[in-house]
Amino acid sequence: MRHAAFPDGATRADLLAWFREGRARSKQILGIPVEEAYYDKPIALRNPIVFYEGHLPAFNVNTLIKLALREPGIDDHYEILFARGIDPEDEVSAKSPTDLWPTRNCVQKYGAQSDELIERALTSATIEDENVPQLRGGEAALAILEHEQMHHETFLYMMHNLPYEKKRNVGRALARPGRAEARPTSQELIAIPAGVATLGNSGTFGWDNEFPAHRVDVPAFSIQKHNVTNGEFLEFMEATGAPAPHFWTKIDDQWFWRGMFELIPLPLDWPVYAMHDEATAYAKWKGMRIPSEAEYHRAAFGTPSGEERSYPWGEELPDASRGNFDLSHWDPVPAGSYPTGASAWGIHDLVGNGWEWTSTEFNGFEGFQPMPSYPVYSTDFFDGKHYVMKGASPATARHLVRRSFRNWFRPNYPYVYATFRCAL
(Lines give C-alpha, C1' and ligand atoms only; values in the text may rest on other atoms or scores of the structure.)
Protein backbone atom coordinates (compact mmCIF):
# COMPACT_ATOMS: atom_id res chain seq x y z
CA MET A 1 0.00 0.00 0.00
CA ARG A 2 1.68 3.21 -1.15
CA HIS A 3 1.52 6.35 0.99
CA ALA A 4 3.92 9.30 1.22
CA ALA A 5 4.36 8.76 4.97
CA PHE A 6 5.49 5.17 4.37
CA PRO A 7 8.09 5.18 1.57
CA ASP A 8 8.66 1.43 1.91
CA GLY A 9 4.95 0.64 1.83
CA ALA A 10 2.32 0.64 4.59
CA THR A 11 1.70 -2.69 6.31
CA ARG A 12 -1.40 -3.80 8.21
CA ALA A 13 0.52 -3.13 11.42
CA ASP A 14 1.23 0.43 10.22
CA LEU A 15 -2.46 0.99 9.47
CA LEU A 16 -3.58 -0.36 12.82
CA ALA A 17 -1.09 1.82 14.70
CA TRP A 18 -2.18 4.83 12.63
CA PHE A 19 -5.86 4.11 13.30
CA ARG A 20 -5.33 3.76 17.04
CA GLU A 21 -3.25 6.94 17.18
CA GLY A 22 -5.97 8.85 15.35
CA ARG A 23 -8.77 7.55 17.54
CA ALA A 24 -6.81 8.29 20.70
CA ARG A 25 -6.14 11.86 19.59
CA SER A 26 -9.81 12.36 18.70
CA LYS A 27 -10.83 11.26 22.18
CA GLN A 28 -8.29 13.56 23.79
CA ILE A 29 -9.46 16.58 21.81
CA LEU A 30 -13.12 15.76 22.40
CA GLY A 31 -12.29 15.59 26.10
CA ILE A 32 -11.49 19.31 26.15
CA PRO A 33 -15.07 20.66 26.40
CA VAL A 34 -16.93 20.27 29.69
CA GLU A 35 -19.88 17.89 29.60
CA GLU A 36 -22.40 20.75 29.55
CA ALA A 37 -20.96 21.98 26.23
CA TYR A 38 -21.52 18.71 24.37
CA TYR A 39 -24.49 20.05 22.39
CA ASP A 40 -23.01 23.54 21.90
CA LYS A 41 -22.04 24.94 18.51
CA PRO A 42 -18.79 26.85 19.14
CA ILE A 43 -18.89 27.82 15.47
CA ALA A 44 -22.38 28.71 14.25
CA LEU A 45 -21.54 27.56 10.71
CA ARG A 46 -20.83 24.02 11.89
CA ASN A 47 -22.72 21.24 13.65
CA PRO A 48 -22.59 20.88 17.45
CA ILE A 49 -19.78 18.96 19.14
CA VAL A 50 -21.94 15.83 19.44
CA PHE A 51 -22.05 15.50 15.65
CA TYR A 52 -18.29 15.19 15.31
CA GLU A 53 -17.97 12.48 17.93
CA GLY A 54 -20.49 10.45 15.92
CA HIS A 55 -19.27 11.47 12.49
CA LEU A 56 -15.86 9.82 12.62
CA PRO A 57 -16.98 6.28 13.51
CA ALA A 58 -19.97 6.57 11.16
CA PHE A 59 -17.74 7.69 8.29
CA ASN A 60 -15.41 4.77 8.95
CA VAL A 61 -18.28 2.29 8.78
CA ASN A 62 -19.95 3.93 5.77
CA THR A 63 -16.71 4.14 3.79
CA LEU A 64 -14.71 1.02 4.57
CA ILE A 65 -17.30 -1.49 5.79
CA LYS A 66 -20.46 -0.71 3.83
CA LEU A 67 -19.20 0.88 0.61
CA ALA A 68 -15.81 -0.76 0.05
CA LEU A 69 -16.25 -4.17 1.69
CA ARG A 70 -20.01 -4.34 1.01
CA GLU A 71 -20.73 -5.62 4.50
CA PRO A 72 -23.50 -4.61 6.93
CA GLY A 73 -23.01 -1.60 9.18
CA ILE A 74 -23.98 -1.20 12.83
CA ASP A 75 -26.84 1.29 13.00
CA ASP A 76 -28.40 2.68 9.81
CA HIS A 77 -29.91 5.66 11.67
CA TYR A 78 -26.54 6.77 13.03
CA GLU A 79 -24.82 6.10 9.73
CA ILE A 80 -27.23 8.52 8.05
CA LEU A 81 -27.42 11.09 10.85
CA PHE A 82 -23.64 11.37 11.20
CA ALA A 83 -22.78 10.81 7.54
CA ARG A 84 -21.55 14.23 6.46
CA GLY A 85 -20.82 17.68 7.85
CA ILE A 86 -21.93 21.05 6.51
CA ASP A 87 -20.27 24.00 4.79
CA PRO A 88 -23.01 26.68 4.64
CA GLU A 89 -22.49 30.08 3.11
CA ASP A 90 -23.98 31.83 6.15
CA GLU A 91 -25.62 31.07 9.50
CA VAL A 92 -29.12 31.19 7.97
CA SER A 93 -28.16 28.23 5.77
CA ALA A 94 -26.63 26.23 8.66
CA LYS A 95 -29.45 23.75 9.12
CA SER A 96 -29.03 21.03 11.74
CA PRO A 97 -29.76 17.47 10.53
CA THR A 98 -31.85 16.84 13.66
CA ASP A 99 -33.61 18.63 16.49
CA LEU A 100 -32.83 15.85 18.96
CA TRP A 101 -29.30 14.46 19.19
CA PRO A 102 -28.46 11.14 20.87
CA THR A 103 -26.93 11.06 24.33
CA ARG A 104 -23.16 11.05 24.62
CA ASN A 105 -23.24 7.57 26.12
CA CYS A 106 -25.08 6.26 23.05
CA VAL A 107 -22.71 8.00 20.64
CA GLN A 108 -19.66 6.63 22.44
CA LYS A 109 -21.13 3.13 22.55
CA TYR A 110 -21.62 3.31 18.78
CA GLY A 111 -18.04 4.57 18.41
CA ALA A 112 -16.68 1.60 20.37
CA GLN A 113 -18.61 -0.83 18.15
CA SER A 114 -17.31 0.94 15.05
CA ASP A 115 -13.72 0.81 16.31
CA GLU A 116 -13.98 -2.93 16.88
CA LEU A 117 -15.34 -3.45 13.36
CA ILE A 118 -12.62 -1.29 11.76
CA GLU A 119 -9.81 -2.99 13.71
CA ARG A 120 -11.09 -6.37 12.55
CA ALA A 121 -11.18 -5.17 8.95
CA LEU A 122 -7.69 -3.67 9.06
CA THR A 123 -6.40 -6.90 10.62
CA SER A 124 -7.93 -9.52 8.37
CA ALA A 125 -10.29 -8.20 5.66
CA THR A 126 -9.32 -7.80 2.01
CA ILE A 127 -8.64 -4.08 2.14
CA GLU A 128 -6.58 -3.93 -1.06
CA ASP A 129 -8.04 -5.29 -4.29
CA GLU A 130 -7.37 -3.83 -7.74
CA ASN A 131 -10.68 -5.26 -8.99
CA VAL A 132 -12.75 -3.22 -6.52
CA PRO A 133 -12.59 0.55 -7.22
CA GLN A 134 -12.83 1.54 -3.53
CA LEU A 135 -10.04 -0.87 -2.60
CA ARG A 136 -7.49 -0.03 -5.30
CA GLY A 137 -4.27 0.79 -3.53
CA GLY A 138 -6.13 0.38 -0.24
CA GLU A 139 -7.98 3.64 -0.96
CA ALA A 140 -10.88 3.27 1.49
CA ALA A 141 -8.65 2.18 4.39
CA LEU A 142 -6.24 5.08 3.85
CA ALA A 143 -9.14 7.50 3.35
CA ILE A 144 -10.67 6.79 6.77
CA LEU A 145 -7.29 7.23 8.46
CA GLU A 146 -6.59 10.60 6.83
CA HIS A 147 -10.20 11.73 7.24
CA GLU A 148 -9.95 11.31 11.02
CA GLN A 149 -6.77 13.39 11.15
CA MET A 150 -8.25 16.13 8.98
CA HIS A 151 -11.12 16.40 11.44
CA HIS A 152 -8.70 16.95 14.30
CA GLU A 153 -8.24 20.42 12.81
CA THR A 154 -12.00 20.88 12.58
CA PHE A 155 -12.29 19.93 16.25
CA LEU A 156 -9.56 22.34 17.21
CA TYR A 157 -11.06 25.26 15.27
CA MET A 158 -14.20 24.62 17.31
CA MET A 159 -12.34 24.18 20.59
CA HIS A 160 -10.43 27.40 19.93
CA ASN A 161 -13.76 29.19 19.65
CA LEU A 162 -15.23 27.65 22.80
CA PRO A 163 -15.26 29.99 25.83
CA TYR A 164 -12.42 29.27 28.26
CA GLU A 165 -14.80 28.43 31.09
CA LYS A 166 -16.17 25.57 28.98
CA LYS A 167 -12.79 23.89 28.49
CA ARG A 168 -11.02 21.35 30.66
CA ASN A 169 -7.35 21.85 31.39
CA VAL A 170 -6.69 18.18 30.60
CA GLY A 171 -6.42 19.21 27.00
CA ARG A 172 -3.14 20.99 27.66
CA ALA A 173 -1.32 17.68 27.91
CA LEU A 174 -2.01 16.77 24.28
CA ALA A 175 0.46 19.14 22.64
CA ARG A 176 4.06 18.02 22.84
CA PRO A 177 6.94 20.47 23.29
CA GLY A 178 8.45 21.14 19.89
CA ARG A 179 11.92 22.28 19.04
CA ALA A 180 11.03 25.74 17.84
CA GLU A 181 14.09 27.92 17.71
CA ALA A 182 13.00 31.55 18.01
CA ARG A 183 15.18 33.81 15.87
CA PRO A 184 14.97 37.45 14.86
CA THR A 185 13.41 37.72 11.41
CA SER A 186 13.61 40.35 8.75
CA GLN A 187 11.01 40.44 6.00
CA GLU A 188 12.45 40.43 2.51
CA LEU A 189 11.47 39.43 -1.00
CA ILE A 190 13.15 36.35 -2.46
CA ALA A 191 13.46 36.28 -6.26
CA ILE A 192 12.39 32.99 -7.84
CA PRO A 193 13.44 32.54 -11.48
CA ALA A 194 11.07 31.16 -14.10
CA GLY A 195 10.80 27.40 -14.01
CA VAL A 196 8.54 24.37 -13.86
CA ALA A 197 6.41 23.25 -10.91
CA THR A 198 4.87 19.79 -10.66
CA LEU A 199 1.40 19.89 -9.14
CA GLY A 200 -0.63 16.87 -8.19
CA ASN A 201 0.07 13.28 -7.22
CA SER A 202 1.12 10.41 -9.46
CA GLY A 203 2.21 7.51 -7.31
CA THR A 204 0.83 7.36 -3.76
CA PHE A 205 -2.50 7.69 -1.97
CA GLY A 206 -4.17 11.05 -2.35
CA TRP A 207 -7.61 12.63 -2.44
CA ASP A 208 -9.25 13.05 -5.82
CA ASN A 209 -8.43 16.76 -6.14
CA GLU A 210 -4.71 15.88 -5.99
CA PHE A 211 -4.83 14.04 -9.34
CA PRO A 212 -3.54 13.91 -11.97
CA ALA A 213 0.05 15.11 -11.64
CA HIS A 214 1.00 17.72 -14.20
CA ARG A 215 3.73 20.26 -14.85
CA VAL A 216 3.15 24.01 -14.95
CA ASP A 217 5.44 26.68 -16.36
CA VAL A 218 5.80 29.40 -13.73
CA PRO A 219 7.10 32.85 -14.77
CA ALA A 220 9.68 34.57 -12.58
CA PHE A 221 8.29 36.18 -9.43
CA SER A 222 9.32 37.31 -5.97
CA ILE A 223 7.86 36.11 -2.69
CA GLN A 224 8.27 37.08 0.95
CA LYS A 225 10.78 35.09 2.99
CA HIS A 226 8.40 34.90 5.96
CA ASN A 227 4.68 34.87 6.54
CA VAL A 228 3.15 38.24 7.29
CA THR A 229 3.34 38.66 11.06
CA ASN A 230 0.88 40.05 13.57
CA GLY A 231 3.11 43.10 13.89
CA GLU A 232 3.03 43.78 10.16
CA PHE A 233 -0.72 43.28 10.03
CA LEU A 234 -1.15 45.65 12.96
CA GLU A 235 0.60 48.35 10.92
CA PHE A 236 -1.88 47.72 8.10
CA MET A 237 -4.81 48.03 10.51
CA GLU A 238 -3.53 51.26 12.00
CA ALA A 239 -2.91 52.75 8.55
CA THR A 240 -6.23 51.76 6.98
CA GLY A 241 -8.72 51.24 9.81
CA ALA A 242 -9.19 47.61 8.83
CA PRO A 243 -10.82 45.40 11.47
CA ALA A 244 -8.79 42.96 13.54
CA PRO A 245 -8.54 39.27 12.59
CA HIS A 246 -10.74 36.77 14.40
CA PHE A 247 -7.96 35.49 16.67
CA TRP A 248 -7.31 38.93 18.17
CA THR A 249 -9.20 40.71 20.92
CA LYS A 250 -8.68 44.12 22.50
CA ILE A 251 -8.84 44.74 26.25
CA ASP A 252 -8.14 48.21 27.70
CA ASP A 253 -6.39 49.36 24.53
CA GLN A 254 -4.12 46.31 24.45
CA TRP A 255 -4.30 43.60 21.79
CA PHE A 256 -4.32 39.94 22.83
CA TRP A 257 -4.09 36.65 20.98
CA ARG A 258 -6.98 34.33 21.80
CA GLY A 259 -4.93 31.20 22.50
CA MET A 260 -6.42 27.77 22.93
CA PHE A 261 -6.44 27.94 26.72
CA GLU A 262 -5.66 31.55 27.61
CA LEU A 263 -5.33 35.09 26.32
CA ILE A 264 -1.77 36.05 25.40
CA PRO A 265 -0.46 39.59 24.83
CA LEU A 266 -0.35 39.76 21.02
CA PRO A 267 2.94 38.17 19.86
CA LEU A 268 4.07 40.54 17.12
CA ASP A 269 6.49 38.00 15.62
CA TRP A 270 3.91 35.22 15.13
CA PRO A 271 2.34 34.77 11.68
CA VAL A 272 -1.04 36.45 11.44
CA TYR A 273 -4.03 34.12 11.02
CA ALA A 274 -6.34 35.85 8.58
CA MET A 275 -9.15 35.27 6.12
CA HIS A 276 -8.39 35.23 2.40
CA ASP A 277 -10.27 38.52 2.07
CA GLU A 278 -8.03 40.10 4.72
CA ALA A 279 -4.89 38.67 3.15
CA THR A 280 -5.85 40.04 -0.25
CA ALA A 281 -6.55 43.48 1.20
CA TYR A 282 -3.19 43.54 3.01
CA ALA A 283 -1.30 42.47 -0.10
CA LYS A 284 -3.02 45.16 -2.17
CA TRP A 285 -2.09 47.76 0.45
CA LYS A 286 1.54 46.66 0.10
CA GLY A 287 1.36 46.88 -3.68
CA MET A 288 1.61 43.11 -3.98
CA ARG A 289 -0.65 40.06 -4.29
CA ILE A 290 -1.26 36.57 -2.91
CA PRO A 291 0.78 33.89 -4.74
CA SER A 292 -0.90 31.27 -6.89
CA GLU A 293 -0.86 27.55 -6.10
CA ALA A 294 1.78 26.99 -8.79
CA GLU A 295 3.95 29.78 -7.36
CA TYR A 296 3.68 28.24 -3.91
CA HIS A 297 4.92 24.94 -5.37
CA ARG A 298 7.82 26.62 -7.12
CA ALA A 299 8.83 28.47 -3.93
CA ALA A 300 8.36 25.43 -1.69
CA PHE A 301 9.67 22.53 -3.75
CA GLY A 302 11.70 24.03 -6.58
CA THR A 303 15.49 24.38 -6.53
CA PRO A 304 18.02 26.58 -8.32
CA SER A 305 19.36 23.48 -10.09
CA GLY A 306 15.95 22.65 -11.56
CA GLU A 307 15.08 19.52 -9.59
CA GLU A 308 12.05 19.40 -7.34
CA ARG A 309 11.98 18.22 -3.74
CA SER A 310 9.36 16.15 -1.94
CA TYR A 311 9.40 18.66 0.93
CA PRO A 312 10.80 22.19 1.16
CA TRP A 313 13.81 20.90 3.11
CA GLY A 314 14.52 17.86 0.92
CA GLU A 315 13.53 14.19 0.99
CA GLU A 316 13.53 13.47 4.74
CA LEU A 317 10.12 12.67 6.21
CA PRO A 318 8.44 15.43 8.27
CA ASP A 319 9.49 15.57 11.93
CA ALA A 320 9.44 18.05 14.82
CA SER A 321 12.62 19.79 13.61
CA ARG A 322 11.08 20.89 10.29
CA GLY A 323 8.05 22.93 11.28
CA ASN A 324 5.15 23.59 13.61
CA PHE A 325 2.75 20.77 12.71
CA ASP A 326 1.47 17.49 14.20
CA LEU A 327 0.41 19.34 17.37
CA SER A 328 3.90 20.25 18.49
CA HIS A 329 2.22 23.44 19.75
CA TRP A 330 -1.37 24.55 20.26
CA ASP A 331 -0.69 27.92 18.67
CA PRO A 332 1.77 29.48 16.23
CA VAL A 333 5.41 30.16 17.10
CA PRO A 334 7.57 33.08 15.89
CA ALA A 335 8.07 33.20 12.14
CA GLY A 336 11.35 31.62 11.10
CA SER A 337 11.59 29.33 14.14
CA TYR A 338 12.48 26.27 12.05
CA PRO A 339 15.48 27.11 9.83
CA THR A 340 15.98 23.41 8.97
CA GLY A 341 12.53 23.45 7.35
CA ALA A 342 13.35 26.26 4.89
CA SER A 343 13.14 25.69 1.14
CA ALA A 344 16.05 25.66 -1.29
CA TRP A 345 15.47 29.38 -1.85
CA GLY A 346 15.68 30.14 1.89
CA ILE A 347 11.94 30.68 2.35
CA HIS A 348 10.67 29.73 5.80
CA ASP A 349 7.58 28.02 7.21
CA LEU A 350 6.09 26.93 3.90
CA VAL A 351 4.97 23.82 5.78
CA GLY A 352 3.70 24.36 9.32
CA ASN A 353 2.77 27.32 11.53
CA GLY A 354 -0.34 27.99 9.44
CA TRP A 355 -1.84 26.99 6.11
CA GLU A 356 -0.79 29.26 3.23
CA TRP A 357 -3.55 31.03 1.33
CA THR A 358 -3.15 31.07 -2.45
CA SER A 359 -4.99 33.10 -5.06
CA THR A 360 -6.09 29.91 -6.86
CA GLU A 361 -9.78 29.03 -6.81
CA PHE A 362 -10.33 25.45 -5.71
CA ASN A 363 -11.15 23.20 -8.63
CA GLY A 364 -10.15 19.88 -10.11
CA PHE A 365 -7.08 19.56 -12.30
CA GLU A 366 -7.63 18.71 -15.96
CA GLY A 367 -8.51 15.02 -16.04
CA PHE A 368 -10.06 15.09 -12.55
CA GLN A 369 -12.12 12.05 -11.58
CA PRO A 370 -14.07 11.65 -8.30
CA MET A 371 -12.58 9.04 -5.98
CA PRO A 372 -14.59 5.81 -5.68
CA SER A 373 -14.50 5.66 -1.87
CA TYR A 374 -15.72 9.26 -1.37
CA PRO A 375 -17.08 10.59 -4.69
CA VAL A 376 -18.43 13.85 -3.21
CA TYR A 377 -15.25 14.74 -1.31
CA SER A 378 -14.27 17.60 -3.66
CA THR A 379 -16.94 18.18 -6.26
CA ASP A 380 -19.38 20.08 -4.03
CA PHE A 381 -16.70 22.73 -3.54
CA PHE A 382 -15.89 23.37 -7.20
CA ASP A 383 -18.12 26.42 -7.02
CA GLY A 384 -15.79 29.39 -7.39
CA LYS A 385 -16.35 30.20 -3.70
CA HIS A 386 -13.33 28.43 -2.16
CA TYR A 387 -9.60 29.04 -2.39
CA VAL A 388 -6.72 26.57 -2.25
CA MET A 389 -4.48 26.51 0.81
CA LYS A 390 -1.14 24.70 0.93
CA GLY A 391 1.34 23.62 3.58
CA ALA A 392 0.19 22.77 7.11
CA SER A 393 -0.89 24.30 10.40
CA PRO A 394 0.07 23.41 13.99
CA ALA A 395 -2.91 21.02 14.02
CA THR A 396 -2.04 19.19 10.77
CA ALA A 397 -0.98 15.57 11.31
CA ARG A 398 2.42 14.57 9.94
CA HIS A 399 0.74 11.92 7.73
CA LEU A 400 -0.99 14.72 5.80
CA VAL A 401 2.20 16.66 5.10
CA ARG A 402 2.90 15.94 1.44
CA ARG A 403 3.59 18.04 -1.62
CA SER A 404 0.30 17.29 -3.38
CA PHE A 405 -2.10 17.81 -0.46
CA ARG A 406 -4.63 20.59 -1.07
CA ASN A 407 -6.83 22.25 1.55
CA TRP A 408 -9.53 24.82 0.80
CA PHE A 409 -11.90 27.25 2.51
CA ARG A 410 -14.24 30.10 1.76
CA PRO A 411 -12.46 33.49 1.60
CA ASN A 412 -14.50 34.93 4.49
CA TYR A 413 -14.23 31.97 6.90
CA PRO A 414 -12.42 33.38 9.96
CA TYR A 415 -11.75 30.30 12.10
CA VAL A 416 -9.15 28.40 10.08
CA TYR A 417 -5.45 28.34 11.02
CA ALA A 418 -4.38 30.11 7.85
CA THR A 419 -1.72 32.71 7.22
CA PHE A 420 -0.21 34.18 4.07
CA ARG A 421 2.74 35.85 2.45
CA CYS A 422 2.85 38.33 -0.42
CA ALA A 423 4.25 37.95 -3.91
CA LEU A 424 5.22 40.35 -6.66
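The radius of gyration is taken over C-alpha atoms, and the globule rule is 2.2 Å times the number of residues to the power 0.38. For 424 residues, a compact globule would have a radius of gyration near 22 Å; the chain has 21 Å, which agrees. The model is predicted: local features need pLDDT of at least 70, side-chain atom pairs count only at pLDDT 80 or more, and totals for chains, interfaces and linings use all residues. Residues are numbered from 1 along each chain as its sequence is written, and side-chain values use heavy atoms, with hydrogens and water left out.

The C-alpha atoms fill a box of roughly 60 × 55 × 40 Å along the principal axes. The chain holds 8 helices and 11 strands. These elements are DSSP runs numbered from the N terminus: helices are H or I of at least four residues, strands are E of at least two. Of the 424 residues, 58% are buried. Buried means under 20% relative accessible area, exposed over 50%, and partly exposed in between (1.4 Å probe, protein chains only). The chain exposes about 17,100 Å². Carbon and sulfur atoms supply 51% of that area. Accessible areas come from the Shrake-Rupley method with a 1.4 Å probe; for residues, only the protein chains shown count as cover.

Contacts (heavy atoms within 4.5 Å) were counted along the chain. Among those with a separation of 6 or more, 77% join residues 24 or more positions apart. The chain carries 41 positive and 56 negative charges, and their mean positions are 1 Å apart. Lys and Arg count as positive and Asp and Glu as negative; His and the chain ends are not counted. Each charge is placed at NZ of Lys, CZ of Arg, CG of Asp or CD of Glu.

T358 lies in strand β8, residues 354-361. T358 counts as buried because its relative accessibility is 1%. Its side chain makes polar contacts. A polar contact is a pair of N or O atoms within 3.5 Å; within protein, one must be able to donate a hydrogen and the other to accept it, and residues adjacent in sequence count only if both atoms are side-chain atoms. The side chain of T358 reaches the backbone nitrogen of T360 at 3.2 Å. A polar atom of the T358 side chain also lies 2.9 Å from the backbone oxygen of V388. Beyond residues up to four places away in sequence, T358 touches H276, I290, P291, S292, E293, Y387, V388 and K390.

Y157 sits in helix α5, residues 139-161. With 5% relative accessibility, Y157 is buried. Leaving aside neighbours within four places in sequence, Y157 contacts I43, W355, F409, Y415, V416 and Y417.

L162 lies in the loop between α5 and β1 (189-192). L162 is buried at 4% relative accessible area. Its contacts, not counting residues up to four places away, are P33, A37, P42 and K167. L162 and M260 are 98 residues apart in sequence, and their C-alpha atoms are 8.8 Å apart.

F6 belongs to the segment before α1 (12-29). F6 is buried, at 17% relative accessibility. F6 touches D14, W18 and H399, residues up to four places away not being counted. From F6 to E128 the C-alpha distance is 16 Å, across 122 residues of sequence.

Several loops have backbone features of note. Most residues other than glycine have a negative phi, and most peptide bonds are trans. A cis peptide bond joins F211 and P212, with omega about -10 degrees. P212 lies in the loop between β2 (195-199) and β3 (214-218). R70, not a glycine, has a positive phi of about 55 degrees. R70 is in the loop between α2 (49-68) and α3 (76-81) and is exposed at 55% relative accessibility. D252 also has a positive phi, near 50 degrees, and is a residue other than glycine. The loop holding D252 runs between β5 (248-251) and β6 (254-258). D252 is exposed at 75% relative accessibility.

G384 occupies the loop between β8 and β9 (387-392). At 38% relative accessibility, G384 is partly exposed. The C-alpha atoms of G384 and R289 are 19 Å apart, at a sequence distance of 95 residues.
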